[in-house]
Each structure stands twice: as C-alpha cells, then as structure tokens.
Amino acid sequence: MIAKVNAHPDPYAPYLLSQAIRVDRLLFVSGQAGYDASGKIVPGDFLAQGRQAFANLRRALEAGGSSLDKVAKVTIFVTDMADFKDVVALRREFFSEPYPADTIAQVSALYDPKVVIEIEAIAVVDEAR
C-alpha cells in the first residue's frame, strides 16, 4: 500500500511532489529545507537553516507516524562542504544512538539559491499506525 502523507505547511505542493510517502511500515520523506510556515527560507546562517530543516523533517515524520529516532537512512545535501562540522553538530542535536545511516553530499545548487541544506530520510513507522 502506498499512501501520501500530508504535512502542513506544504510549500512543495505546487511542484507536484509529496512531502512524504508511506509504503507499508516505511516512510520516505522528501528533501526538507529551512523554510518557515509561510514557505520562506529562514534568515540567518547555516545552523539556522539546518535547525529549521530538521524541524521540518520532524514534522513530516510525525505526520507519517514516525519520528527522528526511527530514521534508518538520511541524506543531507549541502551547497558547501565547509559546513560539514555544522552538519555533525546538527546530527548530534537531533539524532541519538544508534545514529542513522547517512550520506552527506555537496551539490552546486538546491531548489532555491538561498537554500544551503536539504535533508531527506527513510524511517520506520510505528506498528500501531
């Protein structure tokens, strides 16, 4: 069974993609960036965007019946690998043992020139849901 997960706000709807898709007990979360409730990129540095991206990831996970502690695989895209130390700090802040499998990749650009980090994840959904 494949089911769309609705998380609000959903600034990605105009681009014809789902915030997350649930397949049985797996949740596939689309890339989450540092946007606020109005869909605007939060002001500030890499960590400000990163914290908001993780908050958006948490919101999408919870809407799909999961949570940050059930993330099995995360992919983090950054526009500058010089921010790697901050990525590690964010992982320490939002994840705990056992840490999820992870890929961190530098890309030349993300969907908006102001975006410096985007996070996608695969998580397990609670059995009760």
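About 6800 Å² of accessible surface covers the protein chain, and 56% of that belongs to carbon and sulfur atoms (areas come from the Shrake-Rupley method with a 1.4 Å probe, and for residues only the protein chains shown count as cover). What you're looking at is a predicted model, where local features need pLDDT of at least 70, side-chain atom pairs count only at pLDDT 80 or more, and totals for chains, interfaces and linings use all residues. Residues are numbered from 1 along each chain as its sequence is written, and side-chain values use heavy atoms, with hydrogens and water left out.

**Overall build**

- The protein chain holds 2 helices and 6 strands (DSSP runs numbered from the N terminus, with helices being H or I of at least four residues and strands E of at least two).
- Starting at the N terminus, the order of elements is β-β-β-α-β-α-β-β.
- The C-alpha trace spans about 40 × 35 × 20 Å along its principal axes.
- A compact globule of 129 residues would have a radius of gyration near 14 Å, and the protein chain agrees with its 14 Å (taken over C-alpha atoms, with the globule rule being 2.2 Å times the number of residues to the power 0.38).
- Of the 129 residues, 42% count as buried (buried means under 20% relative accessible area, exposed over 50%, partly exposed in between, with a 1.4 Å probe and protein chains only).
- Among contacts with a separation of 6 or more, 67% come from residues 24 or more positions apart (a contact means heavy atoms within 4.5 Å).

**How the strands pair up**

- Strand β2 (residues 20-23) runs antiparallel to strand β1 (residues 2-5), joined by 4 bridges (two strands pair if DSSP finds at least two bridges between them).
- On its β3 side, β2 is again antiparallel, with 4 bridges to strand β3 (residues 26-33).
- A20 is a handy landmark here: this β2 residue is the bridge partner of V5, and A20 also stands opposite V29 in β3.
- β2 has a covered face, made of A20 and R22, and an uncovered one, made of I21 and V23.
- Further along, strand β4 (residues 71-78) pairs with strand β6 (residues 117-124) in the antiparallel sense over 7 bridges, and F77 stands opposite E118 in β6.
- β4 also pairs with strand β5 (residues 101-106), this time in the parallel sense over 6 bridges, where T75 has T103 as its bridge partner.

**A buried spot: A33**

- A33 sits in strand β3 and is buried, with a relative accessible area of 0%.
- Setting aside neighbours within four places in sequence, A33 is in contact with Y12, Q52, A53, N56, Y111, V115, I117 and E118.
- E62 is 29 residues from A33 along the chain, and their C-alpha atoms are separated by 16 Å.

**Backbone details in the loops**

- L16, in the loop between β1 and β2, isn't a glycine but has a positive phi near 65°.
- L16 counts as exposed at 80% relative accessibility.
- D24 isn't a glycine either, yet its phi is positive at about 55°; it belongs to the β2 and β3 hairpin, which has 2 residues between the strands.
- D24 counts as partly exposed, at 48% relative accessibility.
- The peptide bond from E97 to P98 is cis, with omega near -10°, and P98 lies in the loop between α2 (84-94) and β5.
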